[in-house]
Amino acid sequence: MDSLLREESKLNLRNFLVYFLFIASCGCTNLQTNPVASITQTAILQDVSWLASDEMQGRHYRSIEARKAAKYIADKWKLAGLTPLPSKTSMYIPTDDPRDSPNVAAMYQGSGDTYVLLTAHYDHLKPRKTGTDRIYNGADDNASGTAALLAIAGALSKTQTPLESSIVLVAFTGEEAGLVGSEHFANNAPIPLHAIRGLINLDMISRGEPNTIFLEGAPDAPRINMAIVRANKEVGLNIIRNKHTDWLYRSDQAPFLEKNVPCIFLSVEDHEDYHRVTDHTEKILPELAAKTAQLVFLTAIDLAHPVP
Ligand SMILES: [Zn+2]
C-alpha cells in the first residue's frame, strides 16, 4: 500500500467514525432498525394538519377534496411500497355510485392466503351554510385515524420480517353518510371475508385523557385482544375495555361484525368538539394517536404471524 492509499484509508476510517457517531447521536440507527420508532407524533401531526386544513373543506365523501384526500393516501401508501389488493390494479376501490369518492385499499404482502385488516374512514362533513367558521375540519374525526394508517404504512415499509398473513390497510369513504364505504367493501369484498384473521378500526384516536384509549369488541375477538395485550407491554397505553359496547355498531367495523369477522374498535371518549366546526388540529393529542398507531402496528404484526 503506498502512502497515498494509506492516507486515503485513514480518511475513510475517519469518515466512517464521523458517520457512525452522527447516526448514533441522532438516533437514526433506531429508526432504521425499529419500524415502531418510525411512527412519530410529528408524522401524525403533519398528516392531520393537511387532511384537516380549511383547504380540504371537511372532506365530504362526495367532494373534490375527498378525492384529493384519497389520492394523498394512495400516494403515501405507494411510496411505502404497498400494493393494490389481489385481483385489483389500483388502490382505489369505487362504490356503486360514481358521485362517491372511492375507498382506498392497499396491502403488505404475506406468504399465505389470510389477512389482517386495519381500517379508518377519511371522510367527514360538508361545510355548513352560515357562520364565521363554516368548515368541519374533522381533525380527530377522523384525520387522526387516517394519519395512523399512513404512519403504519411507513413502519411496514421498514419491516424486514416476512409475515404469513397479508396486512391490508383500508381508508373508507362515506362513513359519516351511514357507513357507505365499509358497507360496500364488506358486501363486495375483494378478499374472502372468512380469510380475515382480524380487523381493527380506528375512528377518533387523538382527544380526551392523555395516554387513554377505549377498546370495544374484546369478548368476541379474544385473539386480537390478546395480541393487543402483548403489544401494549411495549407501548404502555391505558386501555379501557367494554365501556361503550354500543359504539361497535356506529363505525366502520359494523358491516364486518354482521358477517362474523372478528373486529376491535379503538376510539376516544366523545368530546365537546365532536361533529362541530371546532374539531381542529391544534386540539389533538398527537402523542396519543402515535402510540395508538404503534399499538395497532405491533398487534397487526403479531396477528399476521411473523415467519421466523
Ligand atoms: Zn368518525
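Angles under 35 degrees count as roughly parallel, over 145 as roughly antiparallel, 65 to 115 as roughly perpendicular and the rest as oblique; the angles themselves run from 0 to 180 degrees between N-to-C directions, with axes fitted as lines to C-alpha atoms, for helices over the stretch in contact. The structure described here is a predicted model, in which local features need pLDDT of at least 70 and side-chain atom pairs count only at pLDDT 80 or more, while totals for chains, interfaces and linings use all residues. Residues are numbered from 1 along each chain as its sequence is written, and side-chain values use heavy atoms, with hydrogens and water left out.

**Confidence**

The pLDDT, which is the predictor's confidence in each residue from 0 to 100, averages 91 over the protein, and 89% of the residues score at least 70. Over residues 1-31 the pLDDT is below 50, and this stretch has eight contacts in the model beyond near neighbours in sequence, a contact being heavy atoms within 4.5 Å. Where pLDDT is low, the predicted coordinates should not be read in detail.

**The sheet**

Helices (H or I, at least four residues) and strands (E, at least two) are DSSP runs, numbered from the N terminus. Eight strands form an open sheet of mixed pairing, in the order β1-β2-β4-β3-β5-β8-β6-β7, where two strands pair if DSSP finds at least two bridges between them. At the edges stand β1 (92-93) and β7 (238-241), each with a single partner strand, so one side of each is left without a neighbour in the sheet. Strand β6 (residues 212-216) runs parallel to β7 and is joined to β7 by four bridges, and L215 stands opposite R241 in β7. Helix α4 (residues 64-79) packs on the sheet, where α4 touches β1, β2 (103-108) and β4 (166-172) and makes about 10° with the direction of β2. Helix α9 lies across β3 (115-121), β4, β5 (196-202), β6, β7 and β8 (263-267), and runs at about 175° to β5.

**Helix packing**

| Pair | Angle | Axis separation |
|---|---|---|
| α7 (222-235) and α9 (286-303) | about 125° | 8 Å |
| α3 and α5 | roughly 130° | within 8 Å |
| α5 and α9 | about 50° | 9 Å |

The angle between α5 and α9 is about 50°, and that makes α5 oblique to α9. The crossing of α5 and α9 is right-handed, a term used if the near helix is turned clockwise from the far one by less than a right angle, with anticlockwise giving left-handed. In this contact A148, I152, A155 and L156 of α5 meet A293, V296, F297 and I301 of α9; by class there are eight nonpolar, no polar and no charged residues, where Ala, Val, Leu, Ile, Met, Phe, Trp, Tyr, Cys and Pro count as nonpolar, Asp, Glu, Lys and Arg as charged, and the others, Gly among them, as polar.

Helices α3 and α5 are likewise oblique to each other, and α3 passes α5 in a right-handed crossing. The residues of α3 in this contact are I44, D47, V48 and L51, and the contact comprises nine nonpolar, two polar and one charged residues. The crossing of α7 and α9 is also right-handed, and its residues divide into eight nonpolar, three polar and five charged.

**Backbone details**

Most residues other than glycine have a negative phi, and most peptide bonds are trans. A cis peptide bond, with omega about 0°, joins D141 and N142, and N142 is found in helix α5 (residues 139-157). L179, in the loop between β4 and α6 (180-187), has a positive phi near 55°.
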